[in-house]
Amino acid sequence: MRSYSLIAPAKINLYLEIMGDRPDGYHELVMVLQSITLADEVHIRAIGSDVIRVHCDDPTVPQDETNLAYKAAALMQQQFPAAQAKWGGVEIDIEKHIPIGAGLAGGSANAAAVLVGINLLWQLGLTQLELQDLAAQLGSDIPFCVTGGTALATGRGELLDALPTLAEGHLVLAKYRDLPVSTPWAYHTYRQQFGHTYLCSSDDLECRRQQVHSSGMLGAIAQQDTPKIAQLLHNDLEKVVLPEYPQVQHLRDQFQAIGVLGTLMSGSGSTVFALVESAPQAEQVKAKMRTATPDPNLELWVTKFSPSGIQLAQG
Ligand code: C5P
């Protein structure tokens, strides 16, 4: 039986601005998304019967049809019935390294890996754009997870413009183990508190989008200017998550007190990341965070920017 092992990198948001409501109930966003080397590994193989099986080494991850990886396989079965009849079902094994409920798109990355894996397994020959279209049916972050790197994401988050690959970017991530933040809750609360500021007309939305295209953040990325990128980090969802979750605020304050280039909550949280100058500095910041907050529930990772999305694992 054929099988593939894929690396499924997490993402962080260097920028997240909520512009307005959409007719589909989602929010109109402008985001700058960045893949990082912290990644899950997803093993996928064809099995004789028609079923989809999902296993994960983390028992808190659902292994049934509610798992996004399962939904990705079901979508492929539904879209490509002839291939499914030829190749049968799939078994998916997820080795979890990306924390859950963390704003790092771990579940989305797993689903993206399943789309890429089944494309290979069933020899479908789908392009990146075709995979992204399928991914958009499953979740707003999944198209980005397919391609990865550095990208400007608009619309629901599914419309992607590739940005210059950021060669350097060293990070420390911090998250309390038992502190997930619900993404629907964060957006819903934002709408309740800031809905009155939303742009309504399509002209206003387009105008704002153009401003972001010529913004400092995109200029800093074009110039590979990490200190400037760090100064311009922004996430609207911090306005609702930080007041509700003082522990997340604490992580942000702690990074700032230690002295890093910049710090921000990723996505809807609860991970906070710090951009630092080098890999050795990342290790120092991690050690200082551990000393400043000796809570066994605090998890810390040293990682860096990754230029790619889903990749075949080596070996
Ligand atoms: O698309 P996805 O399933 O990842 O989105 C999770 C939740 O985040 C949605 O149910 C919605 O509440 C919120 N969301 C939003 N606007 C977006 C993306 C996500 O309101 N553009």
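Two strands are taken as paired if DSSP finds at least two bridges between them. On this basis, the predicted model contains an open sheet of four strands in the order β9-β10-β7-β11, and the pairing is antiparallel. Strands β9 (262-265) and β11 (298-304) stand at the edges with a single partner strand each, so one side of each has no neighbour in the sheet. On average, and with direction ignored, neighbouring strands of this sheet are turned by 20° against each other. The antiparallel pair formed by β9 and strand β10 (residues 272-276) is joined by four bridges. Within this pairing, M265 has V272 of β10 as its bridge partner.

Two helices lie across this sheet. Helix α11 lies across β7 (170-176), β9, β10 and β11, and runs at about 150° to β7. Helix α12 lies across β7, β10 and β11, and its direction is at about 175° to β11. The axes of α11 (residues 246-258) and α12 (residues 279-292) come within 10 Å and cross at roughly 120°. The two helices α11 and α12 are therefore oblique to each other. The crossing of α11 past α12 is right-handed. On the α11 side, the contact is made by L251, Q254, F255 and I258, and on the α12 side by V285, K288, M289 and A292. Six residues of this contact between α11 and α12 are nonpolar, one is polar and one is charged.

A parallel pairing is found between strands β3 and β4. Strand β3 (residues 52-56) is joined to strand β4 (residues 89-95) by five bridges, and the two strands run parallel. Residue I52 stands opposite V90 of β4. The faces of β3 can be told apart by their cover: I52, V54 and C56 form the covered face, whereas R53 and H55 form the uncovered one.

The axes of helix α1 (residues 68-79) and helix α3 (residues 106-121) come within 7 Å and cross at roughly 30°. Because angles under 35 degrees count as roughly parallel, α1 is roughly parallel to α3. Helix α1 passes α3 in a right-handed crossing. From α1, the residues L68, A69, A72, A73 and M76 take part in the contact, and they meet G107, S108, N110, A111, V114, L115, I118 and N119 of α3. By class, nine residues of the contact of α1 with α3 are nonpolar, four are polar and none is charged.

Helix α3 also meets α4. The axes of α3 and α4 come within 10 Å, with a crossing of roughly 130°, and the two helices α3 and α4 are therefore oblique to each other. The passage of α3 past α4 is right-handed. In this contact, L115, V116 and N119 of α3 meet L131, L134 and A135 of α4. The contact of α3 with α4 comprises five nonpolar residues, one polar residue and no charged residue.

In helix α4 (residues 128-136), the buried residues are L131, Q132, L134, A135 and A136. The elements that cover these buried residues of α4 include α1, α3, α5 (142-147) and β6 (159-162).

Conventions: Residues are numbered from 1 along each chain as its sequence is written. This is a predicted model: local features need pLDDT of at least 70, side-chain atom pairs count only at pLDDT 80 or more; totals for chains, interfaces and linings use all residues. Side-chain values use heavy atoms; hydrogens and water are left out. Axes are lines fitted to C-alpha atoms, for helices over the stretch in contact, and angles run from 0 to 180 degrees between N-to-C directions. Angles under 35 degrees count as roughly parallel, over 145 as roughly antiparallel, 65 to 115 as roughly perpendicular and the rest as oblique. A crossing is left-handed if the near helix is turned anticlockwise from the far one by less than a right angle, and right-handed if clockwise. Contact means heavy atoms within 4.5 Å. Ala, Val, Leu, Ile, Met, Phe, Trp, Tyr, Cys and Pro count as nonpolar, Asp, Glu, Lys and Arg as charged, and the others, Gly among them, as polar. Buried means under 20% relative accessible area, exposed over 50%, partly exposed in between (1.4 Å probe, protein chains only).
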